[in-house]
Amino acid sequence: MSGDVLNQLKSSLLELDMEGALAAARMVREDRQVAVEEAVAAVSEALKVVGSRFQEGEWFLTELVYAGEIAKEVMGLLSPLMETGAGGLGTVVVGTVAGDLHDLGKNIFINYARSAGFKVIDLGMDVNANSFVNAVKENSPFALGMSCLLTSTDGEIVKVVEDLKKAGLREKVRIIIGGAALTEQFAETAGVDAFAKDAITGIDIIRNWSGG
Amino acid sequence: MDFRERILAAMNHEEADRVPVMGLIMDPTTVNLVLEKKPVDFAGLLKRPVWGLLIRYLMNTNWFWRRMYYGNFAGSLKSAIKLGFDANWTIYSLMKLNREPESALGWAWHDPFGRVWELGRAPDGSMAVNYTRGLCETEEQWEAWVEQKKPVYEALIKNVRVFHKKLVEKYGERIYPIGYAAPGIFENSWQPMGFVNFTKMIYQKPDFVKRIVDFQTDLYMKYLDAVMESGVEVVLGGDDLGQKTGPLMRPELIEKLYGNSYRMVADRVHEKNKKFVFHSCGNIYQLLDKFVDWGFDGIITMEPTAGMDLGKVREQVGHKLVLVGNLDVSYLMVRGTREEVDDAVKKAIKDAGRGGGYILSTCHSHPFVDPKRLEWMIDSAHKYGKYPLSV
């Protein structure tokens, strides 16, 4: 029985069946024959498969986004029941740099990171360097993610790196960047730790960093 | 051979005297730099009590908008002429200035399709705009929006017709102004409600999505007709179908939702004996065969930062598509050295220039594209682009 529910949860997610996934999540809530943590792990496993399918070119952005939305709804039902709360893999601070009001890539990253077990502090869009530095100071994340779609705003990333250095925080946090305007070459010159060509690659990188 | 003959030869996959060079100039910052004009601090003026009121009033009147927008693209064409381009794109938009507390400057444009464009300040103080979000989150909001905007769509089509025609009449003897029918059917489907919302609709409300696509196709055909009245033999159209690593949607899904619309677009352009060049940002290798199948004559953009390589594209599609592009605007045309620009032009011509069917251009435009580097690009194109090619 418990295996059936977990299988339904996973297969519904992988078939992009929102109703099926929510029905399974409700069963977990109501019957309590499966530990919520097991159900959350099943969601996380399913999203890993989704991520692989995307990276291998088998699935496309619409499928990645919709799977993420299903996971978000399912987690909305399951997370309140977790005793220790979600986010056991560590804290990540994320935002889109100042002058940039695009958040699709950032939000996909956040959705998958939360479902994978990270605690995510979302600073939103148009975030200035000072706010990034303060968030690192206040939350002590192991990773800071910055998104940037516009070439005109990529200089903001360099500014954040410099300000973190000045605040003595650069060595305490790993920095990952992503977005249409950015390249591996830019990441090297900006002095960040990693560039992610897409949200799923970003999740793989922070998962490696956290040892999760 | 003049610029028009050069462009048309390329569009017919013939070798002209040299590879033609097209400009994508549209940003006031670039125009001001090229024409040595003092930038207008539009954002600053908006904040001033009297000027702000006046600008807000004027901007939202059709006659002032038309004049201002025409002036902007007249500047783009003058800049492109001064730099020595053979062609430049011309794009029309109709926006309304609205209070936007979340925006950095407190103001944003709303377009008639239901999109919000963030109003920002370019490096020289000129205004810069970027799409940020949609205004219609639900089916009901979308229905109400398009119903309310019907008179605006009529005004828009009328403005488009006048705008492109006037630019061709005024500048067509000195440059080839290629009208761009934008935004396209795909962008107009999803952007008014945001990508996540639209994605949910695809899975949960397919009939509604079909209604949106049908509506936008019908509107786009009128828009396209209006652009084509300029008399120019080539028309640009487009939709950003790609993201950094591949198409935004499964190609089969794009075919299902938009295939017929794109075929209708290509057919309509061909009925008028014109050529259709499709703009799409992102990584679009998986869609190239679709473009051929839909009847497109060419593609423009092919962003290097999304992994697009002209040589690979040519290898995949041969001469079934004219290629327009694809010099990088993230580094090369912003901070690249003279030698790097020279090498990139040489490579582009080598990869795509043989047998005609190639027009050199940047892959896009934005306020940080440096006019000096545009000059280098043109110089190098003249140096290496002479037919028969020796690169």
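**Entry 1: ground rules and a bridge**

Which side chain meets that of Arg335(B) in a salt bridge? I found Asp154(A), with 3.8 Å from N to O; a salt bridge here is a side-chain nitrogen of Lys or Arg within 4 Å of a carboxyl oxygen of Asp or Glu.

Before going on, I note that this is a predicted model, in which local features need pLDDT of at least 70 and side-chain atom pairs count only at pLDDT 80 or more, while totals for chains, interfaces and linings use all residues. Residues are numbered from 1 along each chain as its sequence is written, chains are lettered from A and ligands numbered from 1 in the order in which they are written, and side-chain values use heavy atoms, with hydrogens and water left out.

**Entry 2: the interface**

I looked up how chain B meets chain A. Each chain's share of the contact (heavy atoms within 4.5 Å) is 29 residues from chain B and 29 residues from chain A. About 2,400 Å² is buried between the two chains, 63% of it on carbon and sulfur atoms; buried area is the accessible area (1.4 Å probe) that two parts lose on being put together, summed over both. On the chain B side, Tyr203(B), Lys244(B) and Arg250(B) lose the most area to chain A, together 25% of what that side buries.

I then checked the polar side of things. The rule finds three salt bridges across this interface, and I count nine residue pairs in polar contact between chain B and chain A, both residues at pLDDT 80 or more. A polar contact is a pair of N or O atoms within 3.5 Å; within protein, one must be able to donate a hydrogen and the other to accept it, and residues adjacent in sequence count only if both atoms are side-chain atoms.

Which elements of chain B give two or more residues to the side that touches chain A? They are β6 (127–134), α9 (195–204), α11 (251–271) and α14 (332–335). Helices (H or I, at least four residues) and strands (E, at least two) are DSSP runs, numbered from the N terminus. The largest share, seven residues, comes from α9(B). By class, I get 14 nonpolar, 10 polar and five charged residues on that side; Ala, Val, Leu, Ile, Met, Phe, Trp, Tyr, Cys and Pro count as nonpolar, Asp, Glu, Lys and Arg as charged, and the others, Gly among them, as polar.

I turned to β4 (residues 107–110) of chain B. Trp107(B) and Trp109(B) point one way, Ala108(B) and His110(B) the other, and all are buried. Buried means under 20% relative accessible area, exposed over 50%, partly exposed in between (1.4 Å probe, protein chains only).

β4(B) runs antiparallel to β3 (residues 96–99), joined by four bridges, and Leu97(B) stands opposite Trp109(B). Two strands pair if DSSP finds at least two bridges between them. With β5 (residues 115–121) there are three bridges, again antiparallel, and Ala108(B) stands opposite Glu118(B). β4(B) and β5(B) form a hairpin with four residues between them, where Gly114(B) has a positive phi of about 105°.

**Entry 3: helix α1 of chain B**

How many of the nine residues of α1 (residues 3–11) are buried? Seven are, including Phe3(B), Ile7(B) and Met11(B). The buried residues of α1(B) pack against strands of chain B, among them β2 (87–91), β7 (176–181) and β14 (358–362). At the start of α1(B), a side-chain oxygen of Asp2(B) reaches to within 3.1 Å of the backbone nitrogen of Arg4(B).

A reminder to myself: most residues other than glycine have a negative phi, and most peptide bonds are trans.

- Arg32(A) has a positive phi of about 55°, sits in the loop between α2 (18–31) and α3 (36–55) of chain A, and is exposed at 52%.
- Ala182(B) and Pro183(B) are joined by a cis peptide bond with omega about 0°, and Pro183(B) lies in the loop between β7 and α8 (185–190) of chain B.
- The peptide bond from Gly325(B) to Asn326(B) is also cis, with omega near -10°; Asn326(B) is in strand β13 of chain B.
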